[in-house]
Amino acid sequence: VRKTACPTAARVALAPLTLNLRDADVKYVEGLVDGLPVTAGDRLRVSLFGSRALDFRVTATAPDGPVLIDAPTELELGRARDAKDDAPPPMTYEDIGGLRKE
């Protein structure tokens, strides 16, 4: 682990991995990801109203490399991927839920 520069993103492209977004969800999702550092290939999970959650893949950032999503960042929200698209997303720490003696 090492410290790295994380400039504010001009543009971040997100592709839903599970469901297509409803128009009412777009502004809400923008607020939830505000302040998050991301890089292309990352997987994000946002909790929507009630128990609904959406998973996203960060498909591109401008500039390249780690960036911070902030108010001036333009978010591009794509369509849900097909099951036949690229390999499944990698496992994240949140998927595991924590480690003890491991």
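Which exposed residues does the face of helix H1 turned away from its buried side carry? That face carries Ala 24, Lys 27 and Gly 31, where exposed means over 50% relative accessible area, buried under 20% and partly exposed in between, with a 1.4 Å probe and protein chains only. The model is a predicted one, in which local features need pLDDT of at least 70 and side-chain atom pairs count only at pLDDT 80 or more, while totals for chains, interfaces and linings use all residues. Residues are numbered from 1 along each chain as its sequence is written, and side-chain values use heavy atoms, with hydrogens and water left out.

**Helix H1**

- Helix H1 spans residues 23-33, and its buried residues are Asp 25, Val 29 and Val 33; helices (H or I, at least four residues) and strands (E, at least two) are DSSP runs, numbered from the N terminus.
- Just after H1, Gly 35 adopts a positive phi of about 95 degrees.

**The sheet and its packing**

- An open sheet is formed by four strands in the order E3-E4-E1-E6, with mixed pairing; two strands pair if DSSP finds at least two bridges between them.
- Strands E3 and E6 are the edge strands, each of which pairs on one side only.
- On average, neighbouring strands of this sheet are turned by 35 degrees against each other, direction ignored; axes are lines fitted to C-alpha atoms, for helices over the stretch in contact, and angles run from 0 to 180 degrees between N-to-C directions.
- Strand E1 (residues 11-16) pairs with E6 in the parallel sense over four bridges, and Glu 74 in E6 is the bridge partner of Arg 11.
- Helix H1 packs on the sheet, where it touches E3, E4 and E6, and the direction of H1 makes about 115 degrees with that of E3.

**Salt bridges**

- The structure holds four salt bridges, each defined as a side-chain nitrogen of Lys or Arg within 4 Å of a carboxyl oxygen of Asp or Glu.
- One of them joins Glu 76 to Arg 11, with the closest N and O atoms 3.5 Å apart, and this pair links distant parts of the chain, since Glu 76 lies in strand E6 and Arg 11 in strand E1, 65 residues apart.
- Both partners are partly exposed: the relative accessible area is 32% for Glu 76 and 25% for Arg 11.
- Within helix H1, Glu 30 and Lys 27 lie three residues apart, about one turn of the helix, and form a salt bridge whose closest N and O atoms are 3.4 Å apart.
- Glu 30 counts as partly exposed at 26% relative accessibility, whereas Lys 27 counts as exposed at 65%.
- Asp 55 forms a salt bridge with Arg 45, the closest N and O atoms lying 2.7 Å apart; Asp 55 is in strand E4 and Arg 45 in strand E3, so the pair ties together parts that are ten residues apart in sequence.
- Asp 55 is buried, with a relative accessible area of 8%, whereas Arg 45 is exposed at 53%.
- A network of salt bridges links Arg 43, Arg 45 and Asp 55.

Key
Contact means heavy atoms within 4.5 Å.
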